[in-house]
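Please keep the sequence and the model in view while reading.

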Amino acid sequence: MVSEIEKKIEELGIVPVVVLQDAKDAKPLGEALCKGGLPCAEVTFRTAAAKDCIRIMAEEFPQMLVGAGTVLTTKQVDEALLAGAKFIVSPGFDPEVVDYCLEKQVPVFPGCITPSEIAQAVKRGLRVVKFFPAQQFGGVSTIKALSAPYTGLKFMPTGGVSAANLKDYFGCKAVTACGGSWMVKGDLVAEGKFDEIQRLTEEAVKLVNEIRG
């Protein structure tokens with residue numbers, strides 16, 4: 001199961017990082033992403049509505065790959081899985097959270113920005129890690145440097161990734177996909193501009209296809 005989800009994320013190229021304040025926005029947002037050609041969402045546990053949003057998206061759009069982001073505790077792992085999340089993402093490397101997910105055979109992508117953190121991930125058999133916040137920690141050049149000694153590991157840069165620098169990230173072979181929020185910005189969601197979200201999603205998908213050739 002883990003490898004299938006990793007493969008799906010790589011195929012999509014972009015994982016929309018979603019912050020939802022109100023569960024009523026989950027269905028129209030999921031619809032916009034699916035219609036835009038990106039049936040995937042990392043719903044962050046930064047709001048009280050996160051669990052309900054994951055549940056709604058997972059139920060309404062079974063074709064979507066819905067995961068939970070900003071997961072900081074094992075309790076949140078349980079809540080996310082109960083709601084229907086298919087994968088877990090955390091901003092940093094928390095051994096307790098990672099090991100808990102591995103015990104449950106749930107795909108987990110912890111944030112790793114140092115060789116020491118990457119070593120812990122590799123030791124546990126992880127094949128993909130999050131690189132966050134990407135731009136602030138050197139972006140592509142840092143990923144290339146880190147991937148040199150850890151040749152079998154793939155990175156999912158998130159934080160500061162946009163349409164403007166997407167090509168740079170995909171120019172690095174160690175990048176499997178990018179996490180991004182530019183197509184699902186909070187103000188667009190709050191203002192109910194789901195047509196605009198769909199348009200930006202379509203543009204993002206087109207850009208990925210053009211970059212990858």
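## Salt bridges

Asp52 and Arg55 form a salt bridge, with 3.8 Å between the closest N and O atoms; the term denotes a side-chain nitrogen of Lys or Arg within 4 Å of a carboxyl oxygen of Asp or Glu. The model is predicted: local features need pLDDT of at least 70, side-chain atom pairs count only at pLDDT 80 or more, and totals for chains, interfaces and linings use all residues. Residues are numbered from 1 along each chain as its sequence is written, and side-chain values use heavy atoms, with hydrogens and water left out.

Asp52 and Arg55 are three residues apart in helix H3 (residues 50-60), so about one helical turn separates them. Helices (H or I, at least four residues) and strands (E, at least two) are DSSP runs, numbered from the N terminus. An α-helix has 3.6 residues a turn, so residues three or four places apart point the same way. Asp52 is partly exposed, with a relative accessible area of 36%, and Arg55 is also partly exposed, at 34%. Here buried means under 20% relative accessible area, exposed means over 50%, and partly exposed lies in between (1.4 Å probe, protein chains only). A network of salt bridges links Asp52, Arg55 and Glu59.

The whole structure contains 13 salt bridges. Among them is the one between the side chains of Lys24 and Asp25, at 3.2 Å from N to O. Lys24 is exposed, with a relative accessible area of 58%, whereas Asp25 is buried, at 8%. Lys193 and Glu191 also meet through their side chains in a salt bridge, at 3.0 Å from N to O. Lys193 is partly exposed, at 41% relative accessibility.

## Aromatic rings

Two aromatic pairs are present in the structure. Rings of Phe, Tyr and Trp (its six-membered ring) pair if their centres lie within 6.5 Å; planes under 30 degrees apart count as stacked, over 60 as edge-to-face and the rest as tilted. The ring centres of Phe131 and Phe155 are 6.4 Å apart and their planes stand at 85 degrees, so this pair is edge-to-face. Phe131 belongs to strand E6 (residues 128-131) and Phe155 to strand E7 (residues 154-157), so the pair ties together parts that are 24 residues apart in sequence. Both Phe131 and Phe155 are buried.

The charged end of Lys130 sits over the ring of Phe132, 4.7 Å from its centre. The criterion is NZ of Lys or CZ of Arg within 6 Å of the ring centre and within 35 degrees of the ring normal.

## Helix H4

In helix H4 (residues 74-83), the buried residues are Gln76, Val77, Ala80 and Ala83. They cover an arc of only 135 degrees around the axis, which puts them on the same side of H4; the arc is that of the directions from the helix axis to the C-beta atoms. The exposed residues Lys75 and Leu82 are on the face of H4 turned away from its buried side.

The buried residues of H4 pack against H3, strand E3 (65-69), strand E4 (88-90) and helix H5 (95-103), where contact means heavy atoms within 4.5 Å. Just after H4, Gly84 takes a positive phi of about 115 degrees.

## Strand E2

Five of the five residues of strand E2 (residues 40-44) are buried, so E2 is largely enclosed by the rest of the structure. Cys40, Glu42 and Thr44 point one way from E2, while Ala41 and Val43 point the other way.

Strand E1 (residues 14-18) runs parallel to E2 and is joined to E2 by two bridges; strands pair if DSSP finds at least two bridges between them. Val43 in E2 is the bridge partner of Val18.
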